[in-house]
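Morning, everyone. Please have the sequence and the structure open. I'll go chain by chain.

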Amino acid sequence: MANTYTLIASSTVGAGGAANIEFTSIPQTYTDLCVLLSGRTTANGDSYGEIDLSFNGAPSGTSYSWRRLLGNGASASSANNTSDDAINLWQINGSGSTASIFSNATVYIPNYTSSNNKSVSADGVTENNATQGVATLYAGLWSSSSAITSLRFTVVYGTSFAQYSTAYLYGIKNS
Amino acid sequence: MADTKIIVNCETGEVQEIALSAAEIKEREEMAKAYEAEKAAKAADDAAKAVAKAALLDRLGITEEEAKLLLA
């Protein structure tokens, strides 16, 4: 990473898996946040699982909105939600995909300490080392004037992050 | 299904692996059941559409490739 990126904290999922990964007590001294994710879920035999992103606690309320654009090489599709309890962030390899294959995503959160609504942009890639490859772009918004002090990645559908999934949280200063 | 969550305290650097509460476990089990039901419904819907599509192509007397050509 360039010198302007400072690693704040990181996490690697252990043998038992994890239902979610949460970074708390995020320093308020940076301008933006960036999270690099590499992961796989223990989804119930599915090729893909999904990850939600929420701020300052578990997914709740209806203050999130998001839109995603997904392409798999054969077609493109989109989905959105204007009133959700989290940002649907990342389509990730599930237990039904080729073994030892992990998806990657980059999440960027500018001006996370401001009193304005918080926007999120993310891009992710997921492939199966076989016939499938998916690239996804996400745009999200948290309609809240609160500064972001924690962020949480939750695996949906009741599944979990698999062992060796990682999350690296970076802080970026504009001066 | 993991029954733990990871909390990383960015201020102290401490990483904790904490057991989920009973309420959290129950919520996840309900989410998993709801998802399975949704998957089953979609599979049934896809199967019904495939049957209807095959019947229509048969009635029209054309193949799927010919249908795609018509729609291109």
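Start with contacts in chain A. Take the contacts between residues at least 6 apart in sequence: 77% of them join residues at least 24 apart. Keep in mind that this is a predicted model.

What are the elements of chain A? Twelve strands and zero helices. Read from the N terminus and you get β-β-β-β-β-β-β-β-β-β-β-β. The radius of gyration of chain A is 16 Å, and the globule rule gives 16 Å for 175 residues, so chain A is as compact as a globular protein of that length. Its C-alpha trace spans about 45 × 35 × 30 Å along the principal axes.

Now burial. In chain A, 51% of the 175 residues are buried. Buried here means under 20% relative accessible area.

Next, charge. How many charged side chains does chain A have? There are 6 positive ones and 9 negative ones. The centres of those two sets lie 5 Å apart.

On to chain B. Which elements does chain B have? Two helices and two strands. From the N terminus, the order in chain B is β-β-α-α. Why call chain B more spread out than a compact globule? Look at the radius of gyration: 24 Å for chain B. The globule rule gives 11 Å for 72 residues, and 24 Å is well over that, so chain B is more spread out than a compact globule. The C-alpha atoms of chain B fill roughly 70 × 25 × 15 Å, along the principal axes.

Burial: 19% of the 72 residues in chain B are buried.

Chain B carries 10 positive side chains and 16 negative ones. The centres of the two sets are 6 Å apart.

Let me put the pictures side by side. Chain A is built from twelve strands, with 51% of its residues buried. Chain B has two strands and two helices, with 19% of its residues buried. That's it from me. Thanks.

Note on methods
Residues are numbered from 1 along each chain as its sequence is written. Chains are lettered from A and ligands numbered from 1 in the order in which they are written. This is a predicted model: local features need pLDDT of at least 70, side-chain atom pairs count only at pLDDT 80 or more; totals for chains, interfaces and linings use all residues. Side-chain values use heavy atoms; hydrogens and water are left out. Helices (H or I, at least four residues) and strands (E, at least two) are DSSP runs, numbered from the N terminus. The radius of gyration is taken over C-alpha atoms; the globule rule is 2.2 Å times the number of residues to the power 0.38. Buried means under 20% relative accessible area, exposed over 50%, partly exposed in between (1.4 Å probe, protein chains only). Lys and Arg count as positive and Asp and Glu as negative; His and the chain ends are not counted. The place of a charge is taken as NZ of Lys, CZ of Arg, CG of Asp or CD of Glu. Contact means heavy atoms within 4.5 Å.
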